[in-house]
Amino acid sequence: MRNRLIYIIVVFFAILLAACVEEEKFETAAGDRLTFSVDTLKMDTAIAGTNSVTRRFTIYNNNSDGISITNVAFLNGITDGFSAIVDGTHVDGNIPVSIDCRSKDSLLAFVQITPAESGQDDKVLHEAVLVFTLANGVSQTVVLQAYSQDVIWLKDIHVQSDMTLSAQRPYLIRDSLTIENGATLTLEAGVRLMFPANAFMRVKGRLVTNGTLDKPVVLRGDRMDYMFEDQPYDRISEQWQGIIIAPSSFGNNLCYCDIHSGSYGILCEKSDKIEEEKLRMENCIIHNVSGNGLEAYNAKLFIGNTQISNAGGNCVCLYGGDNEFVHCTIAQFYPFSGLRGEALYYTNHKNKDNYNLLNAKFSNCIITGYSDNEISGEQLEGYGKGAFNYYFQNCLLNTGEVVDENLINILWDKPSNKVSRAGNFPNFNLDALSYDFSLDSLSVAIGAGDPTITQLYYPLDRRGKNRLEDGKSDAGCYEH
């Protein structure tokens, strides 16, 4: 009896509720309009012949009654590679059935582009228009825009003999690029190599980059879209692997080469010939890697007018060798981990292996970062210890102040300076992950360099500015 009474009460209230709810009208009065979250949906750059990421926009009905959309179509049937899904319905020509949008409700539209190859070296703009026709005869539009980039596809490349790549459209390395023993790969000014996440370059022979100030050689990941509005994937580390220079490789010469956003920058594997130059880098950048920026074992290196910055590991990591750095900015402001390494680490051993540190010489350099100490030199004590030679001249160093005959004309990057650490570089945009290592006018690095060294090596800074115009020389690779 009780259950029957409960049933009667439930039915009664259901009938009462139904009577109170007025069926929504979709009359679409003459003045009714939809509201869109964007007038123009601007999408990221897509590689021609591949699918882009999917972007979306929202369609709002702010009217007091429902609206019927009788038709959604691309203007004049022109898609230019775009495809769209509106409220779960694929837009292919015209949608034959109406879509209803309730009052104060919204619909989602998803858009993707698969651009065809254009035959052009530069980016190509794609544009199409989605037309929404309402039951009252009103037509409203959303413009779709995206760029595409043709690439030259290279898969599992093994350079067996001397090869030169010229600056055309970017080269996309599908898996790896290996320069075999005895072969030289030359990358001319403006060449762009793009690598997917697991791809890398291995140099057994020799790598030469002939970049210029206006047309640098660029090695980067292959994603050209954005993670967030102001953050392209190109500013996120681990977009590709990096460059490995094998023990057999010598005479690598990189000029105006920009290596960024990898899992590591350059790894020079152990060399048996410390007297032969393994790597020369001038006017280059290694930036934003999740591991070590430049890591070398028993190698002869010359690094000049170069920026090595923001590494999850150490920006520069030297195990022995004969190493010289002139007018370099080595800066540790890696944003993705509080467990980042140091700006500079040098040693004469690793585990139980000895690496003679014949030379670790730094002239007119800036070595700094977020922490209180961005420099570590670790010497093996006891039996079997090898050479451990270091020298710093006219540098700005972020480390504890010491008196050492191997430190000449040193300035210390300490909080009591008018600006220090990140304050030396006023043009950081941390929200957009954009880093400019130009100096602040109050930085003690200004005028800290030795003009004689500057004149001998780099009278022009990495951007081509005359360092000695005022008779002084700034430390680092950028003149204020």
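Q: How many salt bridges does the count come to in this model?
A: This is a predicted model, where local features need pLDDT of at least 70, side-chain atom pairs count only at pLDDT 80 or more, and totals for chains, interfaces and linings use all residues. Residues are numbered from 1 along each chain as its sequence is written, and side-chain values use heavy atoms, with hydrogens and water left out. A salt bridge here is a side-chain nitrogen of Lys or Arg within 4 Å of a carboxyl oxygen of Asp or Glu. By this rule the count is 14.

Q: Which residue meets Asp 121 in a salt bridge at 3.0 Å, N to O?
A: Let's follow the chain. Asp 121 lies in the loop between strand 8 (105-113) and strand 9 (124-134), and its partner sits 48 residues apart, in the loop between strand 13 (163-165) and strand 14 (171-173); strands are DSSP runs of E, at least two residues long, numbered from the N terminus. The partner of Asp 121 is Arg 169.

Q: Is Arg 169 buried or exposed?
A: The cut-offs decide this: buried means under 20% relative accessible area, exposed over 50%, and partly exposed in between (1.4 Å probe, protein chains only). Asp 121 has 33% and is partly exposed. Arg 169 has 18% relative accessibility, so this residue counts as buried.

Q: Which residue forms a salt bridge with Arg 223?
A: The closest N and O atoms of this pair are 2.6 Å apart.

Q: Which residue in strand 24 stands opposite Asn 210?
A: Two strands pair if DSSP finds at least two bridges between them. Strand 19 (residues 206-210) pairs in the parallel sense with strand 16 (residues 184-188) over five bridges, and Glu 188 stands opposite Asn 210. Strand 19 also runs parallel to strand 24 (residues 252-255), joined by three bridges. There, the residue opposite Asn 210 is Cys 255.

How values were computed
Helices (H or I, at least four residues) and strands (E, at least two) are DSSP runs, numbered from the N terminus.
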